[in-house]
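Me: Could you take me through a single part of this model in some detail? I would like to look at the place where the two chains meet, and then at what lies beyond it.

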Amino acid sequence: MVDELLNAWEETYKKGQLTFWVFLALKESSKCVEEIKEFVEKTSDGAMCCEEQSLYRNLRKFQHLDIVSYDSKRVSKGPDRKYYYLTDMGKELFRRFVERNIMIFTKESINNLLIK
Amino acid sequence: MKVFTLRFRQFIVVALLLTVIFRYVLNLSIGEESLSMVILCAFIYFCMMFICGWYFGKKDATENGFYDIGFRYHAATYVICVGISYVAYYVGLNTESLWPMTITALSWGIGLLVHLILFLIEQRKTIKGYAKDEIFD
């Protein structure tokens, strides 16, 4: 029962989380889609996984919204690879989101409750 | 919002082609005074246009995610259908007469205007053409 409830909760919780992890990946450094996927899966200890197709779709959307941009880089084989990075607006957006929604978990009172 | 996406441009090309073919077949059917042919080709044209809009519109939505409640596709269909019917009339092809053509254009135009108003209202729920509640899905 608890496992089932946990899965249901996680399914809802993870919706909308992908953006956070993608932005975190791009905050570290500019990355291509494969690297973003690897970062997200590795850094979240496998809790988050994403399809490359859905990453491409989201990145294209963020690009139209001027949150993300890219540089094309030559690779030895195949077509140029796109390396995505956060624009100034993207950085500002991420900073304010983290400030309002993530940093609250670093408060001592909440942290104490979490590890209690 | 990027209006002329790849799928939308493809739709315009296919819709233009279908409409030109339809007008040509209609011209022949009216010339032969075959009512059944007129009805059949109009029905096939309607179905093909519907499938074409459905196919490219769905692909467009999946690839780009713009929230435009189908207005771009409706407007393009209107311009193509009405525009080509007038062109066909004035170049001397067999078509419906001018009055029913104008009535159709006006009544459809009112429908398109209502669609435009709904589109503009819905645009308030978007940022650069993306539905606000779907941007960070």
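Reply: Happy to. In this predicted model, chain B and chain A bury about 1000 Å² between them, 56% of it on carbon and sulfur atoms; buried area here is the accessible area (1.4 Å probe) that two parts lose on being put together, summed over both. Counted by contact (heavy atoms within 4.5 Å), eleven residues of chain B meet twelve residues of chain A.

Helix 2 (residues 35–64) of chain B gives the largest share of the side that touches chain A, three residues. Helices are DSSP runs (H or I, at least four residues), numbered from the N terminus. By class, that side of chain B has five nonpolar, two polar and four charged residues; Ala, Val, Leu, Ile, Met, Phe, Trp, Tyr, Cys and Pro count as nonpolar, Asp, Glu, Lys and Arg as charged, and the others, Gly among them, as polar.

Helix 2 of chain B comes up again at the second largest pocket, where it gives the most to the lining, with nine residues. A pocket is an open set of points on a 1 Å grid over the protein atoms alone, where a 1.4 Å probe fits, with protein on both sides within 12 Å along at least five of seven lines; lining residues have an atom within 4 Å of a point. Of its 19 lining residues, Gly53(B), Trp54(B), Gly57(B), Gly70(B) and Tyr73(B) lie nearest the centre. The lining divides into ten nonpolar, five polar and four charged residues.

A word on conventions: residues are numbered from 1 along each chain as its sequence is written, and chains are lettered from A and ligands numbered from 1 in the order in which they are written. Local features need pLDDT of at least 70 and side-chain atom pairs count only at pLDDT 80 or more, while totals for chains, interfaces and linings use all residues; side-chain values use heavy atoms, with hydrogens and water left out.

Note on methods:
Helix = DSSP H or I, 4+ residues; strand = E, 2+ residues; numbered from the N terminus.
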